[in-house]
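Please examine the structure below and work through the questions that follow.

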Number of protein chains: 2
Amino acid sequence: MDQDGKKLAAENCCHGQNMEQVEEMMPTDECLYDVAELFKLFGDSTRMKILYALFESELCVCHMAQLLGLTQSAVSHQLRILKGGRLVKPRREGKTVYYSLADDHVRKIIAQGMEHIMEQQGVMV
Amino acid sequence: MDQDGKKLAAENCCHGQNMEQVEEMMPTDECLYDVAELFKLFGDSTRMKILYALFESELCVCHMAQLLGLTQSAVSHQLRILKGGRLVKPRREGKTVYYSLADDHVRKIIAQGMEHIMEQQGVMV
DNA sequence: CTAATATATGAGCAGATGTTCATATGTTGT
DNA sequence: ACAACATATGAACATCTGCTCATATATTAG
């Protein structure tokens, strides 16, 4: 029993588990939070569309909007978020701003996700 | 001018861009949506904690709750979502249910995200 | 069957998120 | 300076999300 008078379930089940070991290899809460925040950036179809559109070459905001069938405003808002997360970087040329993927990691992460989807579709009936 | 009497911005800027080419290599909307949905699963710190806890070995629900300082209910709700997305799989043994990562892709994706975070922290001042 | 334990789930709620609309900022040409 | 164009941003709003609480289901022991 603990101080509250209730037995903690964890004390009774899966005794074989080495909890200390699991706890030791866990990253800090802050680190896990940051990773989650990173993946959150990829977790919206509008942002994913934008990122994928930038896979091969840079594009200006208006072209992205046109290509993806989105409002200029919506694209701009999402680009702001992506820029904040260092997933894309802007390059100004006169009135237009060209965006491109910030680094190759972004490409790798998306590719990995895409792979996983494809595999699952293959497995699905 | 288009039919609405407004010029489309995209017609005037970045003339050098080959939009057809970009459009051709774009995956279907459905595919992009699925990838976004996949990443959304990784985009919550509670779920990320759970996934990372399962990195090395399977764990039962109550142990996850204890280890991560979460309610059993909260963990169970998130496990349901993760299971739905085929990121984890359950194994029943008597009263307790052990969860483990569904496949190695999950590990790879998390590792890739973690790498990205580490790199950025290195770059930061 | 009943009690105890482990997990799952539905309802309700508070906070986060993405879009639209209007408007501001920045750049170029006249 | 002014007009036109490209982009950015703030406010408002509707939707989505994750948590808590209560309760249901499943399994085992007695």
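Q: In what order do the elements of chain A run from the N terminus on?
A: This is a predicted model, in which local features need pLDDT of at least 70, side-chain atom pairs count only at pLDDT 80 or more, and totals for chains, interfaces and linings use all residues. Residues are numbered from 1 along each chain as its sequence is written, and side-chain values use heavy atoms, without hydrogens and water. Helices (H or I, at least four residues) and strands (E, at least two) are DSSP runs, numbered from the N terminus. Chain A has 7 helices and 3 strands, and their order is α-α-α-α-β-α-α-β-β-α.

Q: How many residues of chain A are in contact with chain B?
A: Contact means heavy atoms within 4.5 Å. On the side of chain B, 61 residues take part. The number for chain A is 61 residues.

Q: Which residue of chain B forms a salt bridge with Asp29(A)?
A: A salt bridge is a side-chain nitrogen of Lys or Arg within 4 Å of a carboxyl oxygen of Asp or Glu. Across the interface of chain A and chain B, the rule finds 2 salt bridges. In one of them, at 3.5 Å from N to O, the side chain of Asp29(A) meets that of Lys49(B).

Q: Which element of chain A gives the most to the side that touches chain B?
A: Several elements give two or more residues to this side, including helix 3 (29–42), helix 4 (45–53) and helix 7 (104–123) of chain A. With 14 residues, the element that gives the most is helix 7 of chain A.

Conventions:
Chains are lettered from A and ligands numbered from 1 in the order in which they are written.
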